[in-house]
Amino acid sequence: MSQQPGQMSVERATETLFPTVIQISQLSNATEFNKDLMQKVAKLRKETPNGRPDSWTSSVYTTLNTADQLHLMPEFAELASAIMGEANSFADTLNLAHNQYPLRIKDCWVNIYGPKDGQEMHLHTNSVISGSYYLKVPQGGSGIVLHSPFTDNMFEPPLAGINALNSGAAELPVEEGMFVLFRSWLKHSVRPSPVKQDRISISFNLMM
Ligand SMILES: [Fe+2]
């Protein structure tokens, strides 16, 4: 509270409501886990044609339309269990009624980004929680760009500087062994890969 001669005193508070919550988790023992997963993904790629939707503009390899039930395959059971652990923890944070209405993985697929491959902005309809596990992230590889839900329909005022309260998008750096989870309404994209080596992620959606 401040008061100067001839002025009314003011009590002012700022509250943050409806924040965009992102859960970021790093596996501490990812090296062995990833080595094993890399072999399984290599085998899957050999046996599975590219399931890239026609609407995607880059030549990324994905099993989205050819093998999107990885969580049901015995070789990916450990990953599925880790995804469930992450999703339940996120649901605790969000205070979802997941004890009464359990979360289940709806789909789970692999994405391999070669040089210059990226992903346009999108969201995952008909799901509650979405996310990715980062299996291979080369030095200098793209992160994940998260887009504010407010930018679509609101004029963006000129900014004196960018921060978490005013920015329309933010690129979150990712690392091997990292899970990133968010609500499925959150739009996201991947910058065209600036490096030669493959960037490999396994993405998933969960429903209640
Ligand atoms: Fe996505």
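In what order do the strands of the open four-stranded sheet stand? The order is 4-9-6-7, and the pairing is antiparallel. Two strands pair if DSSP finds at least two bridges between them. The edges are strand 4 (119–122) and strand 7, and each of them pairs on one side only. On average, neighbouring strands here are turned by 20° against each other, direction ignored. For angles, axes are lines fitted to C-alpha atoms, for helices over the stretch in contact, and values run from 0 to 180 degrees between N-to-C directions.

A word on the source. This is a predicted model: local features need pLDDT of at least 70, side-chain atom pairs count only at pLDDT 80 or more, and totals for chains, interfaces and linings use all residues. Residues are numbered from 1 along each chain as its sequence is written.

Now the overall picture. The protein has two helices and ten strands. Helices (H or I, at least four residues) and strands (E, at least two) are DSSP runs, numbered from the N terminus. Along the sequence the pattern is β-α-β-α-β-β-β-β-β-β-β-β. The C-alpha trace spans about 80 × 40 × 35 Å along its principal axes. Of the 208 residues, 26% count as buried. Buried means 20 or more other C-beta atoms within 10 Å of the residue's own; exposed means 12 or fewer, partly exposed is in between, and C-beta atoms are placed from the backbone.

Strand 5 and strand 8 run antiparallel, joined by six bridges. Tyrosine 133 stands opposite phenylalanine 179 in strand 8.

What lies across these strands?

Then the core. The largest nonpolar core has 33 residues, and Ala87, Leu135, Val180, Leu181 and Ile202 have the most contacts inside it. Such a core is a set of buried Ala, Val, Leu, Ile, Met, Phe, Trp, Tyr and Cys residues joined through C-beta atoms within 7 Å. Among the elements that supply at least two residues each are helix 1 (30–47), helix 2 (77–94) and strand 6. Leaving aside neighbours within four places in sequence, leucine 181 is in contact with residues including Ala87, Phe90 and Ile129. Contact means C-beta atoms, placed from the backbone, within 7 Å.

Back to strand 6. Ile144 and Leu146 form its covered face, Val145 and His147 its uncovered one. In a regular strand the side chains alternate between the two faces of the sheet. Four bridges join strand 6 to strand 7, antiparallel. Isoleucine 144 has leucine 172 of strand 7 as its bridge partner. Valine 145 has glutamate 171 of strand 7. On strand 9 (residues 187–190), histidine 188 is the bridge partner of leucine 146.

Last stop: glutamate 156. Where is glutamate 156 found? In the loop between strand 6 (144–147) and strand 7 (169–172). Is glutamate 156 buried or exposed? Exposed, because 11 other C-beta atoms lie within 10 Å. Its contacts, leaving aside neighbours within four places in sequence, are Thr151 and Gly168.

Terms used:
Two residues are in contact if their C-beta atoms, placed from the backbone, lie within 7 Å.
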